[in-house]
Amino acid sequence: MQKNYPGLISVLTASELEDFVDDWLHQRCKDYYLHERWSGTGDLGRDVAGYVTDRRMNGPWDNFQCKQLSKPLSEKALFVELGKIFMHSAAGAYALPRAYSFVAPLGVVRKVREFVAHPDRLRQAFLDRWDTYIAGDLVENATVKLTPEIEGKIMAFDFANLHWLDARLLARDPTCMPALVKWFDADPGQSPRGVVPIAIHASESAYLGQLLKVYEERGPGTYPDPEAALACAGVGPHLKIQRTRFFDATAFDRFYRDSTPEEFVQTFRDEVHHGVVDVHEADHANKFARLNKVMQQAALLQASGVLGRHAGPQVKQGTCHLLANEGVMQWDR
C-alpha cells in the first residue's frame, strides 16, 4: 500500500522539516553549487539556502523558508517573512535571493495564492502595507521604517520568483524521492533495463579488454578488439551476455543514484564486492573458470535494503563488471 507521504511530511517537527528540505536540496545539488541550512537564532530570514555559484550569498541564491504550522500559511506571515529578506538585504547582510520558496506542508491561504499568482499586485501590496502591516513585526520591540534602501530592494526583487510548496507538491517533486526513501523508507520502484549499444562504448572498454584476455587464455583464438570477439561463434554469445549484464547494472546504478540517498548505491556495490571477492581471489583452473564462478556467486547474493529488493541476478552480475571496469576486481588477474 502506498504511504501517505504528504501526511508524514505534515507531522514532522519544524526542525525536522528543515532537515528534510535540506536533504531534498541535496538531491537537487545539480541545480546549485552548494546548499546550506541557516535556521535558528540569527538566520536573518533564511532557513535553507541554495547557492548557484561559488559566490554563495554574494551571488545568485535561492531561499527556502520552512513553515511547519498548525494551519495554512497566512497573508501576514507571507509579508513579514519576505519583509525580513528585504530588510536584511538592504542592510547589506546578503544579496537579494534569485527566488524565494515557502515550504508550508499545510499549504497557504487563498489570499496568499492570489498574491503569488499576481506578482505585480504583491509588489504594490508591500509598498502600501509596509508601515501598517509589516514594520512593527520584523524586529522585536522596534519599528522598521520603509527606507529608500528597503524600497529599492522591493522594487529590485522579481516577485514572479516567489513560490510555495505544500506537502503534496513537495512529495510529488521527482527530486524529493531520495529524501522520502531516507525519512519514510519509500520504495522508488524498479529500475529500467539497460540498453546495449550496437557499437562498443568507451565506458565499457576496460572490462571488455580484460575479458578479451580471459578468452585468449582459454583459446583457441585471439581477439584484437571486442568487435572481433562478438563476431566469433565461440565467444560472441558469451560476450553479448556480459554486455547485457553491464548495461543493466549501469541503468540500475544511474536510476538509484537519482532516486535514493547517495550512499545507497555504494552500499549495494560494497555488498556485491564482499559477496564475491573470496571466490574471485580463490584458485581456479583458469581465468574463464574464475569469471564463471564469480558470476554464479553474484547471482545468488541477497543484498540488503531497497536496492537488494530490486536487484535481479543480471544486475548483481553486471555490478561485478562495473567493479572490473573500475579496476576494483579485474578479470585478467
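Visitor: Does Arg 243 count as buried or exposed, and at what relative accessibility?
Guide: The model is predicted. Buried means under 20% relative accessible area. Arg 243 falls under that cut-off and counts as buried, its relative accessibility being 5%.

Visitor: Which residue does the side chain of Arg 243 meet in a salt bridge?
Guide: Arg 243 lies in helix H11 (residues 236-259), whereas its partner sits in the loop between helix H8 (177-184) and helix H9 (205-218), so the pair ties together parts that are 39 residues apart in sequence. The N to O distance is 2.7 Å.

Visitor: How many residues apart are Glu 75 and Arg 129?
Guide: Their side chains form a salt bridge at 2.2 Å, N to O. Glu 75 belongs to helix H3 (residues 75-90) and Arg 129 to helix H5 (residues 119-134), distant parts of the chain, and the separation is 54 residues.

Visitor: Which residues are linked with Arg 269 in a network of salt bridges?
Guide: Arg 269, in helix H12 (residues 262-281), pairs with a residue of helix H11 that is 16 residues apart. That salt bridge, to Asp 253, spans 3.3 Å from N to O, and both residues are buried. The network joins Arg 269 to Asp 253, Arg 257 and Glu 326.

Visitor: Which elements give two or more residues to the positive patch?
Guide: The surface patch is formed by Arg 110, Arg 113, Arg 168 and Arg 172. Among them, Arg 110 is exposed, with a relative accessible area of 65%. The elements are helix H4 (110-117) and helix H7 (167-172).

Note on methods. Residues are numbered from 1 along each chain as its sequence is written. This is a predicted model: local features need pLDDT of at least 70, side-chain atom pairs count only at pLDDT 80 or more; totals for chains, interfaces and linings use all residues. Side-chain values use heavy atoms; hydrogens and water are left out. Patches are made of residues with over 30% relative accessible area and no salt bridge: like charges are joined within 9 Å, nonpolar side chains (Val, Leu, Ile, Met, Phe, Trp, Tyr) within 5 Å. Accessible areas come from the Shrake-Rupley method with a 1.4 Å probe; for residues, only the protein chains shown count as cover. A salt bridge is a side-chain nitrogen of Lys or Arg within 4 Å of a carboxyl oxygen of Asp or Glu. Lys and Arg count as positive and Asp and Glu as negative; His and the chain ends are not counted. The place of a charge is taken as NZ of Lys, CZ of Arg, CG of Asp or CD of Glu. Helices (H or I, at least four residues) and strands (E, at least two) are DSSP runs, numbered from the N terminus. Buried means under 20% relative accessible area, exposed over 50%, partly exposed in between (1.4 Å probe, protein chains only).
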